[in-house]
Amino acid sequence: MKAKPGVILVMLAAFVYVAAQDAEAEQNVVEELLVETLVKPETCSIMSEMGDTLQIHYTGKLLADGKVIDSSLSRDPLVVVLGKRTVIPGLEQSLVGVCEGQKIKTTIPPHLAYGKRGYPPTIPADAALEFEVEVMSLIQVTPWQKMVNDVFPLVCLGLVPTLLGMVGLYLYNKANAQRPGKKAKKRKNK
């Protein structure tokens with residue numbers, strides 16, 4: 001059976017189209033977090049650190065087609081406490097080292113966004129995202145808050161086994177203690 005030239009041309013065109021799509025998809029792959037400063041205030045004496053609280057306005061888009069996935073511009077600013085994982089990791093990482101009044105554009109790779117699962121139906125699997133963010137306010141963590149945030153979890157990790165051990169010891173002693181009113185019976189020898 002002989003193939004017709006038209007069928008061969010259609011198959012060749014389909015192959016070229018698929019190859020071009022794969023090459024384009026590979027160009028859109030983002031491997032690392034990219035942060036670009038759009039606007040930086042004239043004075044920037046305080047930069048954000050882990051533990052600080054930021055109020056931000058943002059617009060998030062899919063990098064592939066520019067479709068807006070979320071925006072806070074019609075709502076109150078989003079409150080983000082750095083280190084508390086209230087936003088995706090890539091966005092949180094891009095907010096470290098910014099000033100109040102600064103505007104940034106960040107390109108977030110899939111592994112620092114929603115990964116292989118995506119966030120159906122809005123965000124497909126393995127989607128790179130782009131966020132434009134304006135820092136409305138920055139409240140630094142106080143030394144006392146920093147100590148509590150750093151030390152309190154460690155103290156709790158130490159207290160839990162101690163408390164469990166004390167409860168176990170109490171239950172052990174209670175189970176082995178003689179009950180009042182019941183005396184041990186003596187055997188009589190005849």
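What follows is a short chat about contacts, rings and surface in this predicted model.

Biologist: What should I know about the model before I start?
Modeller: The model is predicted: local features need pLDDT of at least 70, side-chain atom pairs count only at pLDDT 80 or more, and totals for chains, interfaces and linings use all residues. Residues are numbered from 1 along each chain as its sequence is written, and side-chain values use heavy atoms, with hydrogens and water left out.

Biologist: Where is T59 found?
Modeller: T59 is in strand β2, residues 53-62. Strands (E, at least two residues) and helices (H or I, at least four) are DSSP runs, numbered from the N terminus.

Biologist: Is T59 buried or exposed?
Modeller: T59 counts as buried, because its relative accessibility is 16%. Buried means under 20% relative accessible area, exposed over 50%, and partly exposed in between, with a 1.4 Å probe and protein chains only.

Biologist: Which residues is T59 in contact with?
Modeller: Leaving aside neighbours within four places in sequence, T59 is in contact (heavy atoms within 4.5 Å) with V68, D70, S71, L73, E130, F131 and E132.

Biologist: D70 is on that list. Which residue forms a salt bridge with D70?
Modeller: R75 does, with the closest N and O atoms 3.5 Å apart. A salt bridge is a side-chain nitrogen of Lys or Arg within 4 Å of a carboxyl oxygen of Asp or Glu. The structure holds one salt bridge.

Biologist: How exposed are the two partners, D70 and R75?
Modeller: D70 counts as partly exposed at 31% relative accessibility. R75 is partly exposed too, with a relative accessible area of 43%.

Biologist: New topic. How many aromatic pairs are there?
Modeller: A search of the whole structure finds two. Rings of Phe, Tyr and Trp (its six-membered ring) pair if their centres lie within 6.5 Å; planes under 30 degrees apart count as stacked, over 60 as edge-to-face and the rest as tilted. Y58 and F131 form a tilted pair, 6.1 Å centre to centre with 50° between the planes.

Biologist: Which parts does the Y58 and F131 pair tie together?
Modeller: Y58 lies in strand β2 and F131 in strand β6 (residues 129-139), so the pair ties together parts that are 73 residues apart in sequence. Y58 counts as buried at 7% relative accessibility, and F131 is buried with a relative accessible area of 7%.

Biologist: And what about Y114 and Y119?
Modeller: Their ring centres are 5.5 Å apart and the planes are at 40°, so that pair is tilted. Y114 is partly exposed, with a relative accessible area of 28%.

Biologist: Last one, W144: where does it lie, and is it buried or exposed?
Modeller: W144 lies in helix α3, residues 143-176. W144 counts as exposed, at 60% relative accessibility.
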